[in-house]
Amino acid sequence: MSFNHQTIEKKWQQYWESNNTFKTTEDDTKEHFYALDMFPYPSGQGLHVGHPEGYTATDIISRMKRAQGYNVLHPMGWDAFGLPAEQYALDTGNDPAEFTEKNIQTFKRQIKSLGFSYDWDKEINTTDPDYYKWTQWIFTKLVEKDLAYVAEVPVNWCPALGTVLANEEVIDGKSERGGHPVYRKPMKQWMLKITAYADRLLDDLEEVDWPEHIKDMQRNWIGKSEGAEVTFNVKDSDQSFSVFTTRPDTLFGATYAVLAPESKLVDAITSPEQKEAVEAYRVEADKKSDLERTDLNKDKSGVFTGAYAVNPMTNEDMPIWIADYVLASYGTGSIMAVPAHDERDYEFAQKYDLEIRSVVDGAEPEKEAYTGDGVHINSDFINGLEKEAAIEKICDYLEKEDIGERKITYRLRDWLFARQRYWGEPIPVIHWEDGTSTVVAEEDLPVTLPMTDEIKPSGTGESPLANIHDWVNVVDEKTGMKGKRDTNTMPQWAGSSWYFLRFIDPKNDTQLADPEKLKKWLPVDLYIGGAEHAVLHLLYARFWHKFLYDLAIVPTKEPFQKLYNQGMILGENNEKMSKSKGNVVNPDDVVEKFGADTLRVYEMFMGPLDAAIAWSEDGLEGSRKFLDRVWRLFIDEDGKVRDRITTFNDKSLEVVYHQTVKKVTEDYDNLQFNTGISQLMVFTNAAYKADGLPLEYVKGFIQMLAPIAPHLGEELWSRITGSQESVSYESWPVFDETKLVTDEVEVVFQVNGKLRARSLASKSISKDELEQMALNHEKMLEHLEGKTIRKVIVVPGKLVNVVAN
RNA sequence: GCGCACGUGGCGGAAUGGUAGACGCGCCAGCUUGAGGGGCUGGUGGGGCGAUGCCCCGUGGAAGUUCGAGUCUUCUCGUGCGCACCA
């Protein structure tokens, strides 16, 4: 007989709820552990089987930590602002808040059906004004500290839809919806100066326990590069421009210069003869989106401006070109071209027949650009030096002569923080009729989204809020001055950049969170989520956290001590699950048919947590069979506890039990749930063969199973122990190191590294005795016959290797 | 193109430089059952032979370090992820 998952899962979920089993404890005599999931966007699709993978992992850790005597904070909430709700509102005229609420209820029901031990009193929702009051508050602090500013930035403007589109809504230069043309249009936008934190975001990666490849992705994204900025004068003009280069040592080889087409300087220096060509090129470049510009990078193009710069080293003329392979947004938006030693410059110089001058020995300028190190030539006072020394010497010179300086630049850009949308946190700023702008005072926060039945494009590129006149127009009560609210809203990243702080104190209405509580819980001890957030979300959250650290609001430099990325669960055909491929597995169906415990066990057993693995219905059934097997081990056909469970211990399970406690505990700690479960199976198999099952071991086993299969764990615990209490707070089993090994161990004997014989030996046997055993073993004698023993390697308790020839 | 990760049975996957393939799926056999399903027990990398034991081969491929390599090093092929004219 097997257990009825529907009955027991419902029973225990109700028990946990009515007994507040997972209410967060804050007992100062205990240590604190904060286990966090990346909170989901509650989409209309409902929960995906990928969600419970990470959630189960943090849930197992949370349950184990509670049993090990920690205060555990394990919360769940909703990252509920976002485009789909807005789109739904545009399509149907309904309130996105209602739609969002409905989706949240679906998600919550699904998540609850999986038996996670969340403390639902800590639930937060980014669209709740009590929450986004503090998102807005953080923004006002950023403005006060000059880390938020307004800039003109091009957006994807679609006149036909009367709205601005996100990059992902633009496909091949057309709007995803309707296929209308999209243009780049400059608009005033709020930006956050994340670049001010670039160095700290880079350096403090050393302090956190994250997968190395995620750290690398962040390092690459920040993209720090060291070099020099050099000023070039324009010939026969009082104009000059600066370039950034990582290779100032190749300055003597700079034979032309290139400006980004957008550069303002172009207007001032272009010669009359070239004006037409330059203008034509700029129009072309302007039409291309960033994506197209990089996409069509095979063939470089550019136009000569007719002007020349002067190489400060050689005093020779360098033609100034414009080309879109130079990006306005990186460095100074202009470069010195050293075609002999830069592949891009080389390609461009070849195409337009520009001079290629070698300044590092080893180059073959007729064949390809040489970017490696070497002895400098044709370079006056740095001749004979290698790269590093040459860079030092030339930087000293540039600084002494005041024509340049050492400089560090970053690939990281400031964070575009405004969206022309309705469904987001309103930016809490008022623009007054006298031309000034102010942030909304703390006591007037939150600036709530107005209720409206008319969410539709403004037609101007502003957000739909621009049309809601009652909301937009404000009058200062004291001065009577009129003003308009900023109609931009924040990106979805805003609410998720600090939510882990609010979970600590979600109902505080006087501050973001109680500093005492923040001190106890931070940093997050374990943070699990998808790798798709490896860069942006984690970088933004770290940026805000550091900013709040500078304001002395949070006590730690970094928010997330340990990070782990769960892998993707693929469809049975090994492809990403998608509706169109028809390979989507709905967790509701699995829970109904096999039970939540089975789903949890299966997702943890299918392989390493971070691997991408295909779903398998057979594997799922196997997990259910394991749980049935455990059930039958303890419960008989009539539903009674088996009388094999006894207080008498014949020691036959002693070793395997202690091994199991050790391995399972360590594997859970290391998030290696697949091998932890396999050890539980090993114990189960051994228990089937034992005559009696010592109660102590049975209890310990159930405790170790319970974090993964909590409903079954509770049911077995209550039946076997007769306890009225949840298994959750029973103290975690411990192992006895002295009982881990049998007295007799199997050792192997090798000849020249090849396995030739096995034998049983006492684990305490001496090296010499073991060696003698090996040399006298019948099999070994056969293999050693006629050979001279050169060397014998003995590894006690393991093996003997005889080297002979 | 650059960076990172990963290649192990029919499948998912285990292996502090020390018995390769734990555990599970699948498959085979025995027992249980009227049958099927389910369960319990055992077997299951490939090849060979004088077969109840023994030999050879085997972790994408090639070389190297080592008494000993799935594990370390170099090269190479393949797959996945990230970035992509970043000067």
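Author: Let's start with the residues around the largest cavity: Arg 63, Ala 67, Gln 703, Ala 706, Pro 707, Glu 714, Val 727, Ser 728, Glu 730 and Trp 732. A cavity is a set of points, on a 1 Å grid over the protein atoms alone, where a 1.4 Å probe fits but cannot get out, and a lining residue has an atom within 4 Å of a point. This is a predicted model, in which local features need pLDDT of at least 70 and side-chain atom pairs count only at pLDDT 80 or more, while totals for chains, interfaces and linings use all residues. Residues are numbered from 1 along each chain as its sequence is written, chains are lettered from A and ligands numbered from 1 in the order in which they are written, and side-chain values use heavy atoms, leaving out hydrogens and water.

The volume of this largest cavity is about 90 Å³. A volume here is the space filled by probe spheres set on the grid points, which are joined across faces, edges and corners. By class, the lining of the largest cavity has five nonpolar, two polar and three charged residues. Nonpolar covers Ala, Val, Leu, Ile, Met, Phe, Trp, Tyr, Cys and Pro; charged covers Asp, Glu, Lys and Arg; the others, Gly among them, are polar.

How many cavities of 30 Å³ or more does a search of the whole structure find? There are two. The second largest cavity has a volume of about 40 Å³, and around it you can find Glu 86, Leu 90, Thr 163, Gln 420, Arg 421, Pro 457, Glu 462, Ser 463 and Pro 464. Its lining holds three nonpolar, three polar and three charged residues.

You can find Arg 421 in the loop between β17 (415-416) and β18. Helices (H or I, at least four residues) and strands (E, at least two) are DSSP runs, numbered from the N terminus. Arg 421 counts as buried because its relative accessible area is 10%; buried means under 20%, exposed over 50%, and partly exposed in between, with a 1.4 Å probe and protein chains only. Beyond its neighbours within four places in sequence, Arg 421 is in contact (heavy atoms within 4.5 Å) with residues including Leu 83, Glu 86, Thr 163, Glu 169, Ser 463, Pro 464 and Thr 489.

Now compare an open space. A pocket is an open set of points with protein on both sides within 12 Å along at least five of seven lines. The second largest pocket has a volume of about 440 Å³. It has 16 lining residues, and the closest to its centre are Ile 430, Trp 432, Val 440, Asp 444 and Asp 476. The strands β18 (429-432), β19 (437-439) and β20 (473-475) each give two or more residues to this lining. By class, the pocket lining has nine nonpolar, one polar and six charged residues.

The bond joining Leu 445 and Pro 446 is a cis peptide bond, with omega about 0°. Another cis bond runs from Leu 522 to Pro 523, with omega near -5°, and Pro 523 is in the loop between α16 (515-521) and β22 (526-530).

Asp 146 is in the loop between α5 (129-144) and β5 (148-158) and counts as exposed because its relative accessibility is 54%. Asn 378 also has a positive phi, near 55°, and lies in the loop between α11 (343-352) and α12 (387-400).

Finally, step back to chain A as a whole. It has 26 helices and 31 strands, and its C-alpha trace spans about 100 × 85 × 50 Å along its principal axes. Of its 805 residues, 52% are buried. Among contacts between residues at least 6 apart in sequence, 70% join residues at least 24 apart.
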